Amino acid sequence: MDGGGKDREDGRKNLRREEGKHASGTHVASAPSPSLPVLPAAKYPAIKALMRPDPHLKWLVLGMVLAQLLACWLVRGLAWRWLLFWAYAFGGCVNHSLTLAIHDISHNTAFGTGHPAHNRWFAVFANLPLGVPYASSFKKYHVDHHRYLGGDGLDVDVPTRLEGWLFCTPARKLLWLALQPFFYSLRPLCVHPKAMTRMEVFNALAQLAANATIFTLWGLKPMVYLLASSLLGLGLHPISGHFVAEHYMFLKGHETYSYYGPLNWITFNVGYHMEHHDFPSIPGCNLPLVRKIAPEYYDHLPQHYSWVKVLWDFVSEDSLGPYARVKRVCKLAKDGL
């Protein structure tokens with residue numbers, strides 16, 4: 001990772017200011033400033049034109065869903081060892097990519113902000129190869145990640161104290177990475193439980209119907225393939241480096257990082273994470289243009305060059321672990337979102 005020039009954050013310095021340290025080891029910082037995105041947007045009006053739906057997103061998602069259905073048909077006669085191999089090497093990439101498509105769709109980038117219901121339903125469709133209902137719950141909590149970045153008890157992306165205390169050695173951190181799908185699904189229930197919504201019920205019923213159909217048509221192996229694709233692809237997998245790369249404090253005082261490497265091609269540019277947090281309504285396909293239009297806001301910030309190296313450093317360096325996150329106390333918005 002590159003530390004950049006003279007610690008330049010061009011207005012983000014007060015945003016990332018460290019004020020103390022949490023008892024668990026997590027850094028405690030001031031609340032993020034909501035005015036930051038105005039700076040490049042005001043200087044470059046062309047950025048506003050990027051806030052439009054991605055015309056290719058729906059077709060890419062359709063292609064990935066169909067690819068996984070074809071894979072389900074192909075794995076029916078595979079030996080278990082080869083089924084698991086392809087679940088990691090191919091299915092893991094596709095299913096992880098689908099979770100990042102769901103992330104993009106959660107910002108209404110498939111059909112635009114004028115059609116929120118279409119986006120929610122399409123996210124449920126993108127969810128089908130994952131094997132477990134995910135899309136509607138993700139959207140419900142992801143809004144808090146943007147509104148209360150690092151908020152104690154609000155941003156469920158931040159590991160719990162127990163995770164920070166328990167997974168503190170290289171072997172344990174490796175296990176923690178492998179079990180990421182479980183921690184990401186269970187943590188919200190412990191940190192910030194919310195009432196189940198109708199959309200989550202619909203998501204669960206649609207997923208059960210899809211699973212039952214696949215099992216009835218093709219048997220057990222295709223279902224094992226899909227579930228293994230999700231568990232392995234979201235666990236200890238090269239693409240999963242983005243989980244750690246995005247907000248863990250590899251450099252003191254910096255809590256958000258971008259990655260500009262080739263894995264962005266299959267992850268809807270989730271690596272452009274500083275740009276995404278500055279402009280959440282811009283679809284992933286347009287995030288590279290934000291950096292191109294306003295390079296002085298991004299080129300000199302610390303950035304990652306390899307998600308695999310991110311995982312290696314996370315496991316091997318004592319200064320990194322689940323505790324290496326900025327945590328702040330946020331005042332709950334009046335609308336309760």
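Q: What makes up the lining of the largest cavity, by class?
A: The lining has 5 polar, 4 nonpolar and 1 charged residues. This is a predicted model, in which local features need pLDDT of at least 70, side-chain atom pairs count only at pLDDT 80 or more, and totals for chains, interfaces and linings use all residues. Residues are numbered from 1 along each chain as its sequence is written, and side-chain values use heavy atoms, with hydrogens and water left out. As for the classes, Ala, Val, Leu, Ile, Met, Phe, Trp, Tyr, Cys and Pro count as nonpolar, Asp, Glu, Lys and Arg as charged, and the others, Gly among them, as polar.

Q: Which residues line the largest cavity?
A: They are Leu100, His103, Asp104, Thr267, Phe268, Asn269, Val270, His276, Gly284 and Leu287. Helix 3 (residues 80-105) gives the largest share, 3 residues. Helices are DSSP runs (H or I, at least four residues), as are strands (E, at least two), numbered from the N terminus.

Q: Which residues does Lys140 touch?
A: Leaving aside residues up to four places away in sequence, Lys140 touches Lys194, Ala195, Met196, Thr197 and Glu200, where contact means heavy atoms within 4.5 Å. Lys140 belongs to helix 5 (residues 135-147). With 16% relative accessibility, Lys140 counts as buried.

Q: What kind of aromatic pair do Phe85 and Trp86 form?
A: Two rings of Phe, Tyr or Trp (its six-membered ring) pair if their centres lie within 6.5 Å; planes under 30 degrees apart count as stacked, over 60 as edge-to-face and the rest as tilted. By this rule the count comes to 14 aromatic pairs. Phe85 and Trp86 have 5.0 Å from centre to centre and 80° between the planes, making the pair edge-to-face. Phe85, at 41% relative accessibility, counts as partly exposed, and Trp86, at 42%, is partly exposed.

Q: Why do Phe250 and Tyr257 count as a pair, and of which kind?
A: Their ring centres are 6.2 Å apart and their planes stand at 80°, so the pair is edge-to-face. Phe250 has 17% relative accessibility and counts as buried; Tyr257 has 1% and counts as buried.

Q: How do you know that the charged end of Arg187 sits over the ring of Tyr184?
A: A charge sits over a ring if NZ of Lys or CZ of Arg is within 6 Å of the ring centre and within 35 degrees of the ring normal. The charged end of Arg187 is 5.1 Å from the centre of the Tyr184 ring. Lys173 lies over the face of Phe314, 5.8 Å from the ring centre. Phe314 is part of a cluster that ring pairs build with Phe167, Trp176, Phe183 and Tyr248.

Key
On a 1 Å grid over the protein atoms alone, a cavity is a set of points where a 1.4 Å probe fits but cannot get out, and a pocket is an open set with protein on both sides within 12 Å along at least five of seven lines; lining residues have an atom within 4 Å of a point. Buried means under 20% relative accessible area, exposed over 50%, partly exposed in between (1.4 Å probe, protein chains only).
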